[in-house]
Amino acid sequence: QVQLVESGGGLVQAGDSLRLSCAASGRTFSIYRMGWFRQAPGKEREFVARIRWSDGSTYYVDSVKGRFTISRDNAKSTVYLQMNSLKPEDTAVYYCAAQHGSALNYNYWGQGTQVTVSS
């Protein structure tokens with residue numbers, strides 16, 4: 001079992017920055033990778049970024065490349081999403097997820113944190 005708790009969301013203006021955090025607890029030693037997803041009102045949840053726990057390799061959706069950075073602190077079992085140059089279209093609930101154990105996809109999810117970007 002893994003528990004994920006996100007924090008850091010808020011209301012900002014276009015062009016501002018935010019850093020989201022996701023603290024993992026429980027059986028974190030079996031985490032393969034962690035990712036950030038987001039869901040805007042009336043839209044499906046979409047992938048944003050992911051990081052492999054072992055070597056820190058990362059991958060991003062095109063719309064955030066160059067603006068968002070995912071990172072991890074293994075000692076704290078925490079993953080971060082640094083979001084710069086925010087745009088109104090980044091407004092969404094952001095979810096942290098973990099792929100754990102033998103799962104083929106993300107099998108643990110956080111409760112989400114709201115990010116609102118005003119124009």
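Select C22 and C96: both residues are buried, where buried means under 20% relative accessible area, exposed means over 50%, and partly exposed is in between (1.4 Å probe, protein chains only). The model on screen is predicted, so local features need pLDDT of at least 70, side-chain atom pairs count only at pLDDT 80 or more, and totals for chains, interfaces and linings use all residues. Residues are numbered from 1 along each chain as its sequence is written, and side-chain values use heavy atoms, with hydrogens and water left out.

**Stop 1: the disulfide**

Show the side chains of the two cysteines. A disulfide (a pair of cysteine sulfur atoms within 2.5 Å) joins C22 to C96, with an S to S distance of 2.0 Å. A search of the whole structure finds 1 disulfide. It links distant parts of the chain, with C22 in strand β3 (residues 18–26) and C96 in strand β9 (residues 92–100), 74 residues apart. Strands here are DSSP runs (E, at least two residues), numbered from the N terminus. Which hand does the disulfide have? The torsion about the S-S bond of C22 and C96 is about -75 degrees, so the disulfide is left-handed.

**Stop 2: the sheet around β3**

Stay on C22 and look across to β8, where V79 stands opposite C22. Strands β3 and β8 pair in the antiparallel sense over 6 bridges; two strands pair if DSSP finds at least two bridges between them. Now widen the selection to an open sheet of 4 strands, in the order β1-β3-β8-β7, with antiparallel pairing. Its edge strands are β1 (2–7) and β7, each of which pairs on one side only. From one strand to the next, the twist averages 15 degrees; axes are lines fitted to C-alpha atoms, and angles run from 0 to 180 degrees between N-to-C directions.

**Stop 3: two serines in loops**

Most residues other than glycine have a negative phi. Select S77, in the loop between β7 (68–73) and β8 (78–83). Phi of S77 is near 50 degrees, a positive value in a residue other than glycine. Is S77 buried or exposed? At 12% relative accessibility, S77 counts as buried.

Go on to S85, which lies in the loop between β8 and β9. Its phi is also positive, near 50 degrees. S85 is partly exposed, with a relative accessible area of 41%.

**Stop 4**

Select β4 (residues 31–39) and β5 (residues 46–52), which pair in the antiparallel sense over 6 bridges. F37 has F47 in β5 as its bridge partner. This hairpin has 6 residues between the strands, and G42 in it takes a positive phi near 75 degrees.

The hairpin of β5 and β6 has 5 residues between the strands, and G56 takes a positive phi near 75 degrees.

**Stop 5: the largest pocket**

Last, select R38, A40, K43, E46 and E89, which lie nearest the centre of the largest pocket among its 13 lining residues. On a 1 Å grid over the protein atoms alone, a pocket is an open set of points where a 1.4 Å probe fits, with protein on both sides within 12 Å along at least five of seven lines; lining residues have an atom within 4 Å of a point. The volume is about 170 Å³, taken as the space filled by probe spheres set on the points. How does the lining divide? It has 3 nonpolar, 2 polar and 8 charged residues. Asp, Glu, Lys and Arg count as charged, Ala, Val, Leu, Ile, Met, Phe, Trp, Tyr, Cys and Pro as nonpolar, and the others, Gly among them, as polar.
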